[in-house]
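Me: I am new to this structure and would like to go through it by question and answer. Please show it to me before we start.

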Amino acid sequence: MTTTLQAHPPGDRAADTGLIAVFADLLGFDLEPVLAELAHIDAVEQAVRDAMARHPGTADRLFHATALLTPTHNVMRSPEFHLPHVRELLERIGAGADTRPATDVEICITMSKASAVAPLTSSAMGLYFRAWTNAGLPDVANIAATSRRHEALESNEIDNHEAACRRHIRVPTRVLGAITCDGFHYGIAADCRYATANDAAPTSRTER
Ligand SMILES: [Zn+2]
């Protein structure tokens, strides 16, 4: 997914889907990938809304932070890998924490690539399993149980690896820049700290 995620007021997506279905029928193209992409974008939007509900004090910042949620690796074209990444970043944004360090999913991707080059050490495997488990990825091949065994034996080493990995593969540009807001969120007037005074009444919803 390479497009910038956009806010859609409730109901818009259904209208979009209906229109796409009409064109797909007329042109004879496969609708499934389009619907999957729309479902993916909807899931990200819902994650943002859920985070705004969990962090009402920083809901306005979360609304305007979607540019930070774009996938950083091709594998995140899959919602299974993208959504845990999104949720971790949203929690950091809501808490005012640093968004640059690698997420659990980014650690998993890095460890996967590293394991293809050379065998991982036991503690590096421990980090791989910790990040996989923390991201809530599927518990395939008893990863959760294996992770617990590694944690029992070498949690300190894993802690050190984790800190180094989050720092080493951080995304320096993943920070909130200047935010402008027309005072509308999801098409509804919002009490937003980033809203600028504007004599002319805004006529359209905010594009983040
Ligand atoms: Zn705003």
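Me: At what angle do the axes of helix 2 and helix 4 cross, and what does that make the pair?
Reply: This is a predicted model, in which local features need pLDDT of at least 70, side-chain atom pairs count only at pLDDT 80 or more, and totals for chains, interfaces and linings use all residues. Residues are numbered from 1 along each chain as its sequence is written. The axes of helix 2 (residues 32-54) and helix 4 (residues 79-95) come within 10 Å and cross at roughly 25 degrees (axes are lines fitted to C-alpha atoms, for helices over the stretch in contact, and angles run from 0 to 180 degrees between N-to-C directions). Angles under 35 degrees count as roughly parallel, over 145 as roughly antiparallel, 65 to 115 as roughly perpendicular and the rest as oblique, so helix 2 and helix 4 are roughly parallel.

Me: Which classes of residue make up the contact of helix 2 with helix 4?
Reply: Two residues are in contact if their C-beta atoms, placed from the backbone, lie within 7 Å. Residues of helix 2 including His40, Ala43 and Arg54 meet residues of helix 4, among them Pro79, Leu83 and Gly94. Ala, Val, Leu, Ile, Met, Phe, Trp, Tyr, Cys and Pro count as nonpolar, Asp, Glu, Lys and Arg as charged, and the others, Gly among them, as polar. By class, the contact has nine nonpolar, two polar and two charged residues.

Me: How are helix 4 and helix 5 oriented to each other?
Reply: The axes of helix 4 and helix 5 (residues 104-117) come within 8 Å. They cross at roughly 135 degrees, and therefore helix 4 and helix 5 are oblique.

Me: How are helix 6 and helix 7 oriented to each other?
Reply: The axes of helix 6 and helix 7 are 6 Å apart. Their packing angle is about 100 degrees, so the two helices are roughly perpendicular.

Me: Is Asn142 buried or exposed?
Reply: Asn142 lies in the loop between helix 6 (122-134) and helix 7 (143-168), and its phi is near 55 degrees, a positive value in a residue other than glycine. A residue is buried if 20 or more other C-beta atoms lie within 10 Å of its own, exposed if 12 or fewer, and partly exposed in between, with C-beta atoms placed from the backbone. Asn142 has 11 C-beta neighbours inside 10 Å, so it counts as exposed.

Me: What pattern does the chain follow along the sequence?
Reply: Helices (H or I, at least four residues) and strands (E, at least two) are DSSP runs, numbered from the N terminus. The chain has seven helices and two strands. Read along the sequence, the pattern is α-α-α-α-α-α-α-β-β.

Me: Where in the chain is confidence lowest, and where highest?
Reply: The mean pLDDT (the predictor's confidence in each residue, from 0 to 100) of the chain is 87, and 86% of its residues reach 70 or more. Over residues 198-204 pLDDT stays under 50. Confidence is lowest in helix 1 (residues 12-27), at a mean of 68, and highest in helix 4, at 98.
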